[in-house]
Amino acid sequence: MDRFRRLLGLAVVPTRAKQDPAMNVHCGEFEVNNWLVSEFVLNTLVPIVGIHPFPLNELVLMVAAVCRLKPDRIYEWGTHLGKSARVFYETARHFGLDVEIHSVDLPDHVIHQEHPGHQRGMLVKGLQGVHLHQGDGLSVCLDIQAKAATPKHTLIFIDGDHSYASVRRELAGIMTGIPEAHILLHDTFFQSSESGYNVGPYRAISEAITETDVRYRLLSTQTGLPGMTLLYQLPQTSMTLAGK
Ligand SMILES: C[S@@+](CC[C@H](N)C(=O)[O-])C[C@H]1O[C@@H](n2cnc3c(N)ncnc32)[C@H](O)[C@@H]1O
């Protein structure tokens with residue numbers, strides 16, 4: 001880009017050094033600079049991915065999770081058109097994080113009401129560091145994890161089949177197979193109206209966290225559908241322990 005600007009005789013705009021939005025990391029708490037995150041979401045992310053299926057508050061949580069937890073590998077399912085994978089890719093690129101992204105969707109022959117068909121992954125195809133797979137999300141993720149070098153920090157985004165049984169199985173598989181992973185889930189808002197729409201993921205999370213030895217901390221968007229929940233683990237430092 002700079003070369004073209006020089007060729008056209010235009011001034012080269014210096015790229016601003018990207019500030020790290022992660023705050024107070026020495027305290028072992030989850031905190032980000034919301035203004036830096038918002039600026040990125042508005043100026044860079046929304047023009048690319050819009051606000052469907054992830055409204056602003058969910059985009060902020062996705063970006064905050066990547067910036068604060070700094071995963072070096074992200075697994076996610078399902079891929080669909082590739083919006084969530086693109087959110088992770090753009091976040092890593094913008095803030096200079098080195099992240100390997102593995103996105104999984106079901107094989108073409110499997111019938112699923114949301115299967116994207118030939119449009120699978122169209123928003124991330126060919127992007128460096130984004131790997132597209134087909135299969136069952138959990139199985140592919142555990143398979144890659146077993147074969148590849150163990151990453152320092154893993155983030156897993158669950159956004160496949162949103163039934164209670166599927167999410168329950170996926171959470172149990174991760175909590176046993178990759179207990180150190182942080183987990184982000186979509187469609188987790190608890191709608192208490194009679195329709196009871198969308199309560200599967202919420203119920204699955206509530207049960208799973210009480211039945212595991214892994215000590216997750218929980219952060220959720222709670223203003224309405226679809227809803228996103230982050231289960232994360234940060235080491236307690238002596239400073240936080242002393243303060244409590
Ligand atoms: C709600 S869409 C995912 C939206 C996507 N994350 C995005 O950013 O737009 C659900 C996707 O999950 C896929 N899916 C359902 N069950 C799955 C499974 N067990 N493993 C992998 N993908 C699955 C569906 O084919 C569908 O493409």
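Biologist: Which residues does I74 touch, not counting residues up to four places away in sequence?

Modeller: The model is predicted: local features need pLDDT of at least 70, side-chain atom pairs count only at pLDDT 80 or more, and totals for chains, interfaces and linings use all residues. Residues are numbered from 1 along each chain as its sequence is written. Contact requires C-beta atoms, placed from the backbone, within 7 Å. With residues up to four places away left out, I74 touches F88, V99, I101, L155 and F157.

Biologist: Is I74 buried or exposed?

Modeller: I74 lies in strand β1 (residues 73-77); strands are DSSP runs of E, at least two residues, numbered from the N terminus. A residue is buried with 20 or more other C-beta atoms within 10 Å of its own, exposed with 12 or fewer, and partly exposed in between. I74 has 30 C-beta neighbours inside 10 Å, so I74 counts as buried.

Biologist: Which strands stand at the edges of the sheet?

Modeller: The open sheet has seven strands in the order β3-β2-β1-β4-β5-β7-β6, with mixed pairing; two strands pair if DSSP finds at least two bridges between them. A strand with a single partner has one side left without a neighbour in the sheet, so the edge strands are β3 (130-134) and β6 (217-220).

Biologist: What is the bridge partner of R217 in β7?

Modeller: β6 pairs with β7 (residues 228-232) in the antiparallel sense, over four bridges. In β7, the bridge partner of R217 is Y232.

Note on methods. Contact = placed C-beta atoms within 7 Å.
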